[in-house]
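Q: Let us read the charged side-chain contacts here. Where do we start?

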Amino acid sequence: MTELSQRTAVPPAEVPVKGRWRQLSLLGGTMLVDSTEASLVCSLFPLIRQSLGVSLGALGTLTAAGKIVGAFTGPFWVWAAQRWSRKGVLVVATGLWGVWGVAAGFAQNFTQLLVLYTILAAGYAAAHPIITELIGDLFGGSSRGRAVGLVFGAVSLVSAGIGPLKGQLAGVDEGWRWGLWGVGTFNILLGIGLWVWFRDPGRGASEQQFSGLDRATREAHSKLTRAKVLSLLRIRTLVLLLVSRLLSGHLLVGTFGVVFLVDEYGFSTQKAAIVLLPFGIGYFLGTLLGGFAADWATRRSPRHGPVAVLQSAQFAFAVVAFFGTQFDYGHIALFGVFFALMGAAQGVNPSLNRPMVMAVTPPELRGAAFALYVSVFEAIAWAAFSLGAGFLGDVVGLRTVFLWALVILMTVNGAFLTLLYRPYAEDVARVQRDLDARRVRALEADN
């Protein structure tokens, strides 16, 4: 048996981190509030459009501005977390930063809303890369899929329950303002809770090779340098996943789903917002399914299993999106069914792609890898799709936009992922060899 097959035949054992599920719940709560405030503008945009007198293109501008600024501030927060502390950055950037959400609720025109919402997004860009990095330190390779799935699934499920409630703000005078005030205030309180109760396990805490080593030894390689960051671009699996992110047209569903139903099929904002509940439930079930599928596929076929499940999810989404967006069923309940199925297919993704990124990068570079993956490439994709959908939606209609982005492009994305099969196995083996070598050097230094 070759060294590669030996390395990929069985995933490495993990080191259970004390209190990891409690810490995971705190991180999940942080992501929940951040995503709720970020999605509030999208789900209540029909009200903002009426209140401030703007066009559909303004939604694309708002979303794109938030993502573009995140492409710059996301890597900055990762750097600050490495120099200062991950806990401190999360408390400031994703907790206390909610004050900008409260301020956005007082915007008197679109320019003020754009500026304040962009500042808000600049802070929230810290959440995803740092929290995902922390999950990699709390959970080892055999349980990361489930951990990621639970976080993303729980966030989606609670957001789904809140979604119709957000829609009911349409019946309140200037209801979108009350939404921003409420969520911003709650975010500040959560930041205080994070400061009091969260405990950072340290980088590499869950790696089997670092069992028995103190934190200082585990983090001996944690200093980020330009050379280390640039080395990420030599990881073929990561590069392919970055390109795949640029092809992820399904990102449009969360941004334009409600306004799509309002503009294309004539539903009211309150009624259209109902689909957020089945979409969120479907996403939740998809993340759970994806989490178990990721861990099962890693055990059964570490070389090809995770890639195959990820690829299948793209094709499944394209098929469901075609039937769920291109036909008028006349009743919101039927659209709710298809949105639930789209949510399930989309929910599989984070449970697969995040653990795959963790598996091909050393612990000290995971934060930087997720900054690239989420804060930069996903932000570029989201900004491009949002701007394009906003302006093209005014010209050709959102139904045509959804056909190209949610159906055709996602089919292309699924086919593209075929390129992952060989490099993924090789990159996982390389990381395990590197961690083995570090343990040997650390033990020799102690002797």
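A: Start with helices: helices (H or I, at least four residues) and strands (E, at least two) are DSSP runs, numbered from the N terminus. This is a predicted model: local features need pLDDT of at least 70, side-chain atom pairs count only at pLDDT 80 or more, and totals for chains, interfaces and linings use all residues. Residues are numbered from 1 along each chain as its sequence is written, and side-chain values use heavy atoms, with hydrogens and water left out.

Q: How many salt bridges does the structure hold?
A: A salt bridge is a side-chain nitrogen of Lys or Arg within 4 Å of a carboxyl oxygen of Asp or Glu. The structure holds 13.

Q: Where do Glu 426 and Arg 422 lie?
A: Both sit in helix H21 (residues 421–446). They are four residues apart, about one turn of the helix.

Q: Is Arg 422 buried or exposed?
A: Buried means under 20% relative accessible area, exposed over 50%, partly exposed in between (1.4 Å probe, protein chains only). Arg 422 has 57% relative accessibility, so it counts as exposed.

Q: Which parts of the chain does the pair Asp 137 and Arg 86 link?
A: The two side chains meet in a salt bridge at 2.7 Å, N to O. The pair links distant parts of the chain: Asp 137 is in helix H8 (residues 127–138) and Arg 86 in helix H5 (residues 86–95), 51 residues apart. Asp 137 is buried, at 0% relative accessible area. Arg 86 is buried too, at 1%.

Q: Which residues are linked with Arg 86 in a network of salt bridges?
A: Glu 133, Asp 137 and Asp 200.
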